Amino acid sequence: MSYQIDSYPFQGKRALIRVDFNVPFNEEFQVTDDTRIRAALKTIQKVVHDGGRVILMSHLGRPKGGPEAKYSMRHVLSKLSELLGKPVAFVEDCIGEKVKAAVDAMQNGDVMLLENLRFYKEEEGGDEFFAGQLAENGDVYINDAFGTAHRAHASTAVIARFFPTDKLFGYLMEDEVQSIDRVLNSTAKPVTAIIGGSKVSSKITILENLLNRVDNIIIGGGMAYTFFKALGGTVGNSLVEDDKLELAKELLDKAKQKGVQIFLPEDSVIADAFSNDAQTTTSESRGIPSGWMGLDIGKQSIARFEEVILNSKVILWNGPMGVFEMSNFSHGTIAVANTLASATKSGAFTLVGGGDSVAAINQFGLADQVSYVSTGGGAMLEALEGIDLPGIAAIKN
Ligand code: AMP
């Protein structure tokens, strides 16, 4: 990488920034969650402060390759302007003469938002000609859209070719990339990954990659029962993927060969129905009676997991320990979140990434007590699988 955002000379330059403003709206087109806009502010403010001109491009929703009023980036404008504390201009296109004229008229410190990139099917198609047309709007390209870093689209990856040296990560991307790196390439040890959620099948590639990267893997959530069944246990009506038993066994064998310690939840909170009102009791996870299902990790497991987490220098958390959406089965997930906060206080690096664990840590109000909460669901999962994300590779190479 040639440049970093902190040292790039933005004065008088047109900075073309790919952001992820794919935000949710209510029926009046008011933004109902502005997290993604806030996440991009630091990068925008940096360029404005340094006297550059900011040209923002993003996708919104899933238009079918042509303009659709409901997916116009125009709906983001007032929120963006409010959060930035300055007016933001808008152009009804993202390429062409209209855009060129508007960009030419910009003053240093101005901010402009272009129309939805996905109004052109060439965006998702990764079309090089289209990427070149976008590139005409900037002297420097900044990618700050981690949420789409796993897509090889025109504006997220292909465009970087037109900026052989003047391409860089925005602050959000820098933080995300560094956090992943701190976990997957950590020199501080031990490194522990806590992997939960419903299915082994959706996490298998992550688990396999982590076997080469971490010292301990804690497995919780519904996926644990496939492992217990693979080990010869009885798991009642718990979630099990019968076609993944062999895979689960192989994974445990590989872990042993590689010297990675796997921690399964030895006890479970079990219920006689998938409901918060179900009868509950505690059982050994490898001997759950028929008619019952494991919906959370038990107290012994919590204590054991806490011990492992608090002994770790670097911790990754992906996926809940139980059905945390139901209060009676949220204790394991809450305990893990609290332990992560304690570990962070004691100096460990803690990364929460990918889908439901992010929702959980936000729900428990602990997001600011861990080192980093990733903003990218799919992108984070693919990074943990060991895939070179196109949006990251395009800047680095
Ligand atoms: P995933 O999308 O694979 O990360 O899984 C997240 C979902 O797994 C959440 O909605 C949880 O409620 C669910 N989950 C976690 N533990 C269990 C369990 N023991 N049984 C059934 N579902 C679970």
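Modeller: Buried means under 20% relative accessible area, exposed means over 50%, and partly exposed lies in between, with a 1.4 Å probe and protein chains only. E128, at 40% relative accessibility, therefore counts as partly exposed. Please note that this is a predicted model, in which local features need pLDDT of at least 70 and side-chain atom pairs count only at pLDDT 80 or more, while totals for chains, interfaces and linings use all residues. Residues are numbered from 1 along each chain as its sequence is written, and side-chain values use heavy atoms, with hydrogens and water left out.

Biologist: With which residue does E128 form a salt bridge?

Modeller: A salt bridge is a side-chain nitrogen of Lys or Arg within 4 Å of a carboxyl oxygen of Asp or Glu. E128 pairs in this way with R161, and their closest N and O atoms are 3.1 Å apart. Distant parts of the chain are linked by this pair: E128 is in helix α5 (residues 128-135), R161 in the loop between β5 (140-143) and β6 (167-169), 33 residues apart. Helices (H or I, at least four residues) and strands (E, at least two) are DSSP runs, numbered from the N terminus. R161 is exposed, because its relative accessible area is 52%.

Biologist: How many salt bridges does the structure hold?

Modeller: The structure holds 19. One of them joins D104 to K100, with 3.1 Å between the closest N and O atoms. Both residues lie in helix α3 (residues 97-104), 4 residues apart, about one turn of the helix.

Biologist: Which residues of helix α13 are buried?

Modeller: In α13 (residues 377-384), the buried residues are A379, M380, A383 and L384. They lie on the same side of α13 because they cover an arc of only 135 degrees around the axis, the arc being that of the directions from the helix axis to the C-beta atoms.

Biologist: Which residues come nearest to the ligand?

Modeller: A residue is near a molecule or strand if one of its heavy atoms lies within 4 Å of it. Of the 16 residues around the ligand, S198, G222, G294, E325 and D356 come nearest. A polar side-chain atom of E325 is 2.5 Å from an oxygen atom of the ligand, whereas a polar backbone atom of S198 lies 3.0 Å from an oxygen atom of the ligand.

How values were computed. Polar contact = N/O pair within 3.5 Å; in protein donor to acceptor, adjacent residues only side chain to side chain.
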